[in-house]
Amino acid sequence: MPLTAGGPSVGRTVHYVSHGTPVREDGTQTFPSVCRTAIVTEVDPEDAGRVGLVVLNPSGQFFHPLAAGGSSYAEAAGMVGGSWHWPERV
Ligand SMILES: [Zn+2]
């Protein structure tokens with residue numbers, strides 16, 4: 001779903017793409033990027049695509065506020081580590 005389908009707002013649930021571990025020379029990766037549940041905590045008034053998030057990992061949570069850079073929107077298919085997107089319809 002493109003960002004134009006509706007901007008993020010505080011309290012919406014989105015996906016945050018985790019940072020995977022570095023890709024080895026043979027192309028393998030110990031931990032690839034995955035979608036994690038995240039809740040929007042802030043929206044940048046200057047850039048609606050940049051948000052603050054709290055990321056809910058299976059074994060812990062972390063806060064990713066605008067003050068620390070926030071998270072920028074990227075299409076789900078790209079699986080860009082550190083980005084957010086709307087949850088895929090399955
Ligand atoms: Zn996703």
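Which residues does Val51 touch, not counting those up to four places away in sequence? I take that up first, and please keep in mind throughout that this is a predicted model.

1. **Surroundings of Val51.** Setting aside residues up to four places away in sequence, Val51 touches Pro8, Val40, Glu42, Val43, His64, Leu66, Gly70, Ser71 and Trp84. Two names from that list, Val40 and Trp84, also turn up in the core described next.

2. **The nonpolar core.** The largest nonpolar core has ten residues: Val14, Tyr16, Ala38, Val40, Val51, Leu53, Val55, Tyr73, Trp84 and Trp86. Two or more of its residues come from each of S1, S2 and strand S3 (47-57). S3 gives the largest share, three residues. As general background, nonpolar side chains in soluble globular proteins tend to be buried together.

3. You will find Val14 in strand S1 (residues 13-17). Val14 counts as buried because its relative accessibility is 0%, and the cut-off for buried is under 20%. Beyond its neighbours within four places in sequence, Val14 is in contact with Arg36, Thr37, Ala38, Val40, Leu53, Trp84, His85, Trp86 and Pro87. One of these deserves a look in the viewer: Trp86 lies 72 residues from Val14 along the chain, yet their C-alpha atoms are separated by 5.0 Å.

4. Cys35 in strand S2 (residues 35-44) and His85 in strand S6 (residues 84-85) are 50 residues apart, a pair that links distant parts of the chain.

5. His85 has 1%, so His85 counts as buried.

6. **The salt bridge.** How many salt bridges does a search of the whole structure find? The search finds one. Asp44 forms a salt bridge with Arg50, and their closest N and O atoms are 3.0 Å apart. Asp44 is buried because its relative accessible area is 10%, again judged by the cut-off of under 20%.

Conventions:
Residues numbered from 1 in each chain as written. Predicted model: local features only at pLDDT ≥ 70, side-chain atom pairs only at ≥ 80, totals over all residues. Heavy atoms only, no water. Helix = DSSP H or I, 4+ residues; strand = E, 2+ residues; numbered from the N terminus. Buried < 20%, exposed > 50% of the residue type's maximum accessible area, 1.4 Å probe, protein only. Contact = heavy atoms within 4.5 Å. Salt bridge = Lys/Arg side-chain N within 4 Å of Asp/Glu carboxyl O. Core = buried A, V, L, I, M, F, W, Y, C linked by side-chain atoms within 4.5 Å.
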